[in-house]
Amino acid sequence: FMDCQSLTTVDLSAFDTRNVEDMSNMFQGCRSLTTLDISGFRTPKLKHLTTAFTNCNSLKYLDMSNFDTCNLEDMTGAFAWCNNLGMTITIRSTKLSSSDLSNVLANVGCADSGKATFVNYTNDATKAIAQTIVNTKGSGHAYLGSLVTNAAPTSLSTGSKASVLNAMDAVSDAAGKITAVQETDTEQEAE
């Protein structure tokens, strides 16, 4: 589907992705794509997600909570410049290292302050990778979420907490999946 600039929606319900290893560039440059349901994708063999959704400027939401990241080796630029995107992704375990994660979320959701990306982790081993992914957001809106703690997000100001909770509500059923959120905006760190 790469560079199908007039594509607005596509039915992928019959796609069998269980043996797919490389989804690099799959939807890159699909600037008019507004709807994409990949919640049924099962990806136990997926290794490469490089620039898979880069420049999908009209895409509003992706549910990647079922993506199996265990064998993922490269996510470079996977969601870069998806200016209107909000999504949830969970890093359960992975072969990723920091060098495989440049610009994963570069400016994701930057055109819509009501959109946010939540990168969940499930244990201490995946927390560092999830944090590295969040740190690639540039001027976008991305937050680290934990599925392993009930701790309150104490590092957020009252205003930030409200905006995070509003964004969580806007991202499908993410509010039911995320129990803690940490914000890493530079202005928050400066306070």
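The paragraphs below lead through the structure from its overall organisation to its aromatic cluster, its core and several individual residues.

The model is a predicted one, in which local features need pLDDT of at least 70, side-chain atom pairs count only at pLDDT 80 or more, and totals for chains, interfaces and linings use all residues. Residues are numbered from 1 along each chain as its sequence is written, and side-chain values use heavy atoms, with hydrogens and water left out.

The chain contains 4 helices and 7 strands; these are DSSP runs numbered from the N terminus, with helices being H or I of at least four residues and strands being E of at least two. Read from the N terminus, the order of elements is β-β-β-β-β-α-β-α-α-β-α. Of the 191 residues in the chain, 47% are buried, where buried means under 20% relative accessible area, exposed means over 50%, and partly exposed lies in between (1.4 Å probe, protein chains only). The chain exposes about 8,500 Å², of which carbon and sulfur atoms supply 48%; accessible areas come from the Shrake-Rupley method with a 1.4 Å probe, and for residues only the protein chains shown count as cover. A contact is defined by heavy atoms within 4.5 Å. Among contacts in the chain with a separation of 6 or more, 81% are between residues 24 or more positions apart.

The aromatic residues come next. Rings of Phe, Tyr and Trp (its six-membered ring) pair if their centres lie within 6.5 Å; planes under 30 degrees apart count as stacked, over 60 as edge-to-face and the rest as tilted. By this rule there are 7 aromatic pairs. In one of them, the ring centres of Phe 1 and Phe 27 are 5.2 Å apart and the planes meet at 10°, so the pair is stacked. Because Phe 1 lies in the segment before strand S1 (9-10) and Phe 27 in the loop between S1 and strand S2 (35-36), this pair ties together parts that are 26 residues apart in sequence. Phe 1 is partly exposed at a relative accessible area of 35%, whereas Phe 27 is buried at 0%. Phe 27 also pairs with Phe 53: their ring centres are 5.6 Å apart and their planes lie at 15°, so this pair too is stacked. Phe 53 belongs to the loop between S2 and strand S3 (61-64) and Phe 27 to the loop between S1 and S2, so the pair again ties together parts 26 residues apart in sequence. Ring pairs link Phe 1, Phe 15, Phe 27, Phe 41, Phe 53, Phe 67 and Phe 79 into a cluster.

Residues up to four places away in sequence aside, Phe 53 touches several residues, including Leu 36, Ile 38, Leu 62 and Met 64.

Leu 46 is found in the loop between S2 and S3 and is buried, with a relative accessible area of 1%. Its C-alpha atom is separated by 6.0 Å from that of Asp 22, 24 residues apart along the chain. Beyond its neighbours within four places in sequence, Leu 46 is in contact with residues including Val 20, Met 23, Phe 67 and Leu 72.

The structure holds 1 salt bridge, defined as a side-chain nitrogen of Lys or Arg within 4 Å of a carboxyl oxygen of Asp or Glu. The side chains of Asp 16 and Arg 18 form this bridge, at 2.6 Å from N to O. Asp 16 is partly exposed at 46% relative accessibility, and Arg 18 is partly exposed at 48%.

Backbone angles complete the account. Most residues other than glycine have a negative phi. Trp 81, however, has a positive phi near 65° and lies in the loop between S3 and S4. Asn 103, in the loop between S4 and S5, has a positive phi near 60°.
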